Amino acid sequence: MDEVRPIIGPAAAPGLASIFPPGLQAIYGECRRLYPDQANPLQVTAIVKYWLGGPDPLDYISMYRNVGCAAQDVQEHWHYISFGLSDLYGDNRVHEFTGQEGPSGFGFELTFRLKREVGETAPPTWPAELMQGLARYVFQSENTFCSGDHISWHSPLDNSESRIQHMLLTEDPQISPVHTPFGLVNFLQIVGVCTEELQAAQQWNGQGILELLRGVHVAGGPWLITDMRRGETMFDIDPHLQERVDQGIETEGSNLSGVSAKCVWDDLSRPSEDEEDSRSICIGSQPRRLSEKDTEQIREALRKGLEFNTKAALPPINSQKQGHDRPQSRKDSLESESSAAIIPHELVRTRQLESVHLKFNQESGTLLPLCLRGRLLHGRHFTYKSINGDTAITFVSTGVEGAFATEEHPYAAHGPWLQVNTHTGSWYTHTASCILLTEEFVEQMLGDLSELNTREETKLPKEYSWPEKKLKISVLPDSVFDNPLQ
């Protein structure tokens, strides 16, 4: 359980600074630079530290009162800063010490800026629990966050009736990266957004939406301050912003390369009782190996995809501490190019498919236009990773090297080719199948699936069929995926 108390550390007792861990002291120093008049801010701290068996990875979350900046049109707000995602101690109790030149721990800490309400004399503490939840995800999945990432939460961040139900991440506008004795620490700020703003970030990119939010005072302003009482989206406030998003999607496409989803596929070209290879599907182009960049992105999309879970779009979080048994590796974010690539199993049989049936829940289905318009038409791929099992659906455009489908054989299936192991367990994509989608067919599908672009819920089930291509897509209620035997 967390408790709130004033900071007790080098800021409060300079003479005792030497007894405090160097990593902690380095971040305190940056906080003192930013808030020289708040040596003893309120701080949320876990009673039992993570490295002693407690459930919360963040040792501390400091809460400062920021007066804003009238010259920059920045309003007064509360500023939250975490301690624990970076290496505070340097003695391997939480993070492996890898030297001063690389990242400290996971290489970042989280911050959050919350609008101060009139008459509010103390900062609300709910952001601390939100930050602990994100930290638990990072520790247990070993997926790090990057500026521009988005996090679907599907619930008001403060458990109220607010429209602010999701998050984007960006660099904190005031806190500079800190070089500690244990490596570099960057500061990523959580920005609360509405569903419509999250969807725009998915369809285009997080950085573009953040830049638009900076220009709208009530939606965040220059320092991207979250206002949980905001009742209008930035598109309600300035309708012209939608045109800028549409133009960005048209010219740049989407940076979202994958999501976790409720999905499944059936091979209609063989008896249903033969399920050995009916696991995952890849929609693709030429009979060449995927490029290293594309295989890494697909692997990360399969492993990380930040969408469509029971509450947050984060993989399920185990409340049990895993710290001392974690592997030493660090996994990067969805668009990373630094993680280990997929290693195909070359000896597994590849077979051709005559016809396939893709099934999605409504939330997953609404991303099909994004997949087609924002990714495939720009020569990119898109991956759905099932949250209910080992199914994966990867769409690959003709502009992406790799896949094992051809124009002569547009549907193909491959045996076991991907295994991902983490400290919380492992999962396998048992097969990969490929479908060739030409640009002409993508355009046709976009027209046929246009109703999925609307924000209104579609009456389910919905079926879309292209008999000449032997392809069928169904958008089904969640219950079909939650209760597969029904």
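Which helix lies across β21 and β22, and at what angle to β21 does this helix run? In this predicted model, the answer is helix α10, formed by residues 439-448, which runs at about 155 degrees to β21.

Strands β21 and β22 belong to an open sheet of 4 strands, arranged in the order β11-β14-β22-β21 with mixed pairing. On average, neighbouring strands here are turned by 15 degrees against each other, with direction ignored.

## Strand β4 and its two partners

Strand β4 spans residues 77-83 and is mostly covered, with 7 of its 7 residues buried. In a regular strand, side chains alternate between the two faces of the sheet. In β4, H77, H79, I81 and F83 point one way, whereas W78, Y80 and S82 point the other way, and all of these residues are buried.

Strand β3 (residues 60-66) pairs with β4 in the antiparallel sense, over 7 bridges. One of the residue pairs in question links I61 to its bridge partner S82 in β4. Strand β4 is also joined to strand β5 (residues 103-115) by 5 bridges, and these strands likewise run antiparallel. Here the bridge partner of H79 is R113 in β5.

## The packing of helices α3 and α4

Two packed helices are described by the angle and the distance between their axes. For helix α3 (residues 195-203) and helix α4 (residues 206-214), the axes come within 7 Å and cross at roughly 135 degrees. The two helices are therefore oblique to each other.

Helix α3 contributes E197, A200 and A201 to the contact, and helix α4 contributes G206, I209 and L213. Sorted by class, the contact of α3 with α4 has 4 nonpolar, 1 polar and 1 charged residues.

## Cysteines

A disulfide is a covalent bond between the sulfur atoms of two cysteines. The count of disulfides in this model comes to 0.

Conventions. Residues numbered from 1 in each chain as written. Predicted model: local features only at pLDDT ≥ 70, side-chain atom pairs only at ≥ 80, totals over all residues. Heavy atoms only, no water. Axes fitted to C-alpha atoms, helices over the stretch in contact; angles between N-to-C directions. Parallel < 35°, antiparallel > 145°, perpendicular 65-115°, else oblique. Contact = heavy atoms within 4.5 Å. Nonpolar A, V, L, I, M, F, W, Y, C, P; charged D, E, K, R; others polar. Pairing = 2+ DSSP bridges. Disulfide = S-S within 2.5 Å. Buried < 20%, exposed > 50% of the residue type's maximum accessible area, 1.4 Å probe, protein only.
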